[in-house]
Amino acid sequence: MKKIVIMGASTGIGNALAQAFLKHGFEVGVAGRRTEPLRDLQQQYPGLVHYSDIDITKAEAVHKLQRIVEALGGMDIYVHVAGIGYENLSLEPEAEAAVVDTNATSFARMTAAAYRWMRNHGVRGQIAAVTSVAGTKGMARLSAYSASKAFAQAYLLALRQLSNNERSGITITDIRPGWVKTPLLAPGAKYPMEMTTDYVVPQILRAIAGRKSVAVIDWRWNILVGLWRLLPNWLWAHMNVRVSDKDVAFPAPGKNVPLAGGDDVPHKE
C-alpha cells in the first residue's frame with residue numbers, strides 16, 4: 001500500500017487531497033496546526049490515517065515529521081501544502097516576515113527533511129508541493145507572498161537538479177494553481193478565474209500520478225502565466241495588478257486577513 005504524508009491538511013486543498021488519496025487506497029499521514037479535522041479523517045478511515053499537530057515554523061517540526069513517517073511505516077510521497085498569504089499594502093513588517101518565515105524558511109526546512117529521509121532510506125519517492133502562479137512575478141499587493149512562492153519554485157528546481165546529480169530517483173513536482181476557493185480567501189471577495197477544490201484536486205492528483213515536473217492549474221492560468229513571463233520587468237513594474245475585487249489589505253497589527261495559498265493560515269481576531 002502506497003504511503004503519503006500531506007503537510008497542511010487541516011483545511012482547503014490539503015484536506016481535500018487527503019480525502020482523495022484515501023479514496024484511492026493510500027495510507028495517509030496528515031499534519032497541521034489544527035488537529036480536529038485530522039482526527040475526523042482518522043475516524044472516517046480507521047487504520048489508514050495517522051495524524052500529528054505540526055507547526056512548520058518550529059524546529060521540532062522535522063522530528064514530528066519523522067515520527068509520523070515511522071507511524072506510517074515509510075513514505076513514498078511527501079506533499080507540502082502548508083502556507084500563508086496576505087494582501088499587505090501597508091507593508092506591516094511582522095506580516096511580511098511571517099509570510100517569508102512560513103512559505104520560504106519553513107518550506108525549505110520541511111521539503112529538505114522529506115528529501116533527506118527518502119535519500120537516506122533509498123526510497124525513489126516523490127516530493128510534490130503546492131506553490132502558486134503568484135510566484136511568476138513580484139506582485140505589489142502580494143509582495144512577500146509572491147516572493148516566497150518564487151523562492152519555493154526555485155528551491156524545488158534545485159532539489160530536482162540535486163536528485164538528477166545524485167541519481168537518487170526522487171521526483172520533484174511543483175504544482176502552481178491560480179486562486180482556489182477555500183476558507184483561506186478573504187470572505188466576500190471575488191478573485192479572477194477563481195476555482196473550486198472539486199475542480200482543482202483531480203488535476204493535482206493527475207500531476208502527481210504523472211510525476212510532472214511543473215503543473216500550472218488550470219489551462220487558463222497556464223496561458224496567463226505564459227503572458228506574464230513575456231512582459232519585461234520595467235513594464236510589469238508600471239502595471240496595476242488587482243488580486244480581487246475588494247481591497248482586503250492587512251488592516252492592523254494583530255489582525256491577519258487571509259488571502260490565499262496553501263493551508264493553515266493563522267487568523268487572529
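1. Of the 269 residues of the chain, 54% count as buried, where buried means under 20% relative accessible area, exposed over 50%, and partly exposed in between (1.4 Å probe, protein chains only). The model is a predicted one, in which local features need pLDDT of at least 70 and side-chain atom pairs count only at pLDDT 80 or more, whereas totals for chains, interfaces and linings use all residues. Residues are numbered from 1 along each chain as its sequence is written, and side-chain values use heavy atoms, with hydrogens and water left out.

2. The accessible surface of the chain comes to about 12,000 Å², and 54% of it belongs to carbon and sulfur atoms; these areas come from the Shrake-Rupley method with a 1.4 Å probe, and for residues only the protein chains shown count as cover. Among contacts in the chain with a separation of 6 or more, 68% are between residues 24 or more positions apart, a contact being heavy atoms within 4.5 Å.

3. The chain holds 8 helices and 9 strands, taken as DSSP runs numbered from the N terminus (helices H or I, at least four residues; strands E, at least two). Seven of the strands are placed in an open sheet of 7 strands with parallel pairing and the order S3-S2-S1-S4-S5-S6-S9, two strands being paired if DSSP finds at least two bridges between them. Its edge strands, each pairing on one side only, are S3 (49–53) and S9 (214–217), and the twist averages 15° from one strand to the next.

4. Helix H1 packs on this sheet, where it touches S1 (3–7), S2, S3 and S4 (77–80), and its direction makes about 170° with that of S1. For such angles, axes are lines fitted to C-alpha atoms, for helices over the stretch in contact, and the values run from 0 to 180 degrees between N-to-C directions.

5. Leaving aside neighbours within four places in sequence, Val79 is in contact with Ile4, Val5, Ile6, Met7, Leu17, Ala128 and Ile208.

6. Lys64, in helix H3 (residues 61–72), counts as buried because its relative accessibility is 14%, and it touches Ser52, Asp53 and Ile54, not counting residues up to four places away in sequence. Arg176, in strand S6 (residues 171–177), is buried with a relative accessible area of 13%, and its side chain makes a polar contact with that of Asp174 (2.9 Å). A polar contact is a pair of N or O atoms within 3.5 Å; within protein, one must be able to donate a hydrogen and the other to accept it, and residues adjacent in sequence count only if both atoms are side-chain atoms. Beyond four places in sequence, the contacts of Arg176 include Thr131, Gln153, Val216 and Arg229.

7. Some backbone details remain. A cis peptide bond, with omega about 10°, joins Ile217 and Asp218, and Asp218 is in the loop between S9 and helix H7 (219–230). Met193, which is not a glycine, has a positive phi of about 50°; it is in the loop between S7 (180–181) and S8 (195–196) and is partly exposed, with a relative accessible area of 28%. Arg211 has a positive phi near 50°, lies in the loop between helix H6 (197–209) and S9, and counts as partly exposed at 37% relative accessibility.
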